[in-house]
Amino acid sequence: MNELVKQQILDAIAVSDRIVICRHVRPDGDAVGASYGLKTLIRHAFPNKEVRVINDDRADYLAFMGPEDEPWPKEAYTDALAICLDTANTARLANKKALKAATVIKIDHHPDVEAYGDVSWVEDFRSSCCEMIADLALSFPDVLPMQIQAASDLYLGIVTDTGCFRYSNVSAETHRIAAGLLEKGRIDTEWMYANLYLDDVAGLKVNSYVYGHMKITDHGVASVLMSKAVQEKFDLTNEAAGMAVNLLGGIRSSLIWIAFIEVDDTEHPGKTIFRVRLRSRFVAINGLAEKYGGGGHENASGATCRSRREMARLLADADALLDEYKRTHDGWL
């Protein structure tokens, strides 16, 4: 699929001496895995090229994957190739200097809400950006030979973005590509699972708080507010607080679940806003996210509320959406 655009990407890599890889802000396993995996692939295939992963933020819970690279001065971008991964629109790029590069490539599996870059490879049917990077390498093994480190990083991204192969974005091709990665050597899946999913005692106390303070709307939307006070009490970063959304996904009749994370409003010092993490089962919620300044996948999106009143409106809209879905569909448990 898309053999022409994949060849264009390989050609751009081949002629570029300096390459920067970036991804979206507040990264997840897919964004980080794709960045690290692609960097390893390029550096192995072209050892004389300068290849860096440069972004303005970090993901503490993925620190076990290793650090990113030191930033470049802005003039270094003028003759560089920038590869932007897992980012549907430029506003969410974690390194906006990348857009000043001589050539910009977009590789993404989200709906193509903003066309950017000189070359754009978007396949929104893919499970993950890591699946796409792995497909690129496995399709051209003589150009980008796969090594175990790259395979491990890419496998991690597929695992996290598919919920360990549970979500509806998993296809037969996803499994074929995952198998292709596993064939490259022993990926330490037990170590990966331990780093991604095991909790310490402090984490279990946070879980207890979330379950004790979650709310359920009339039609089954589960939600929790992670206020600044709660984040301070449990010594949580904004990123760690946002992981609370994952705890709400196991409630049988709650097909939509939401975490509101209170953060400082960088545009209005002294005020706060609420980042919104929306997740769903069966029900498409990306339209709801777009209504509140966000977007994403059908079943995993983000948005922003600027007040508690707006939070209440979003919850009411989510409840109405779930009510309509349950009235018009069977088999949703």
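Start with the aromatic rings: five aromatic pairs are counted when rings of Phe, Tyr and Trp (its six-membered ring) have centres within 6.5 Å, planes under 30 degrees apart being called stacked, over 60 edge-to-face and the rest tilted. The model is a predicted one, in which local features need pLDDT of at least 70 and side-chain atom pairs count only at pLDDT 80 or more, while totals for chains, interfaces and linings use all residues. Residues are numbered from 1 along each chain as its sequence is written, and side-chain values use heavy atoms, with hydrogens and water left out.

Select Tyr 155 and Phe 165, whose ring centres lie 6.2 Å apart with planes at 50°, so this pair is tilted. Tyr 155 belongs to helix α4 (residues 148-161) and Phe 165 to the loop between α4 and α5 (172-182), so the pair ties together parts 10 residues apart in sequence; helices here are DSSP runs of H or I with at least four residues, and strands are runs of E with at least two, numbered from the N terminus. Tyr 155 counts as buried at 10% relative accessibility, whereas Phe 165 is partly exposed at 24% (buried is under 20% relative accessible area, exposed over 50%, partly exposed in between, with a 1.4 Å probe and protein chains only).

Finally, select Arg 18, which lies over the face of Trp 72 at 5.7 Å from the ring centre (CZ of Arg or NZ of Lys within 6 Å of the centre and within 35 degrees of the ring normal).
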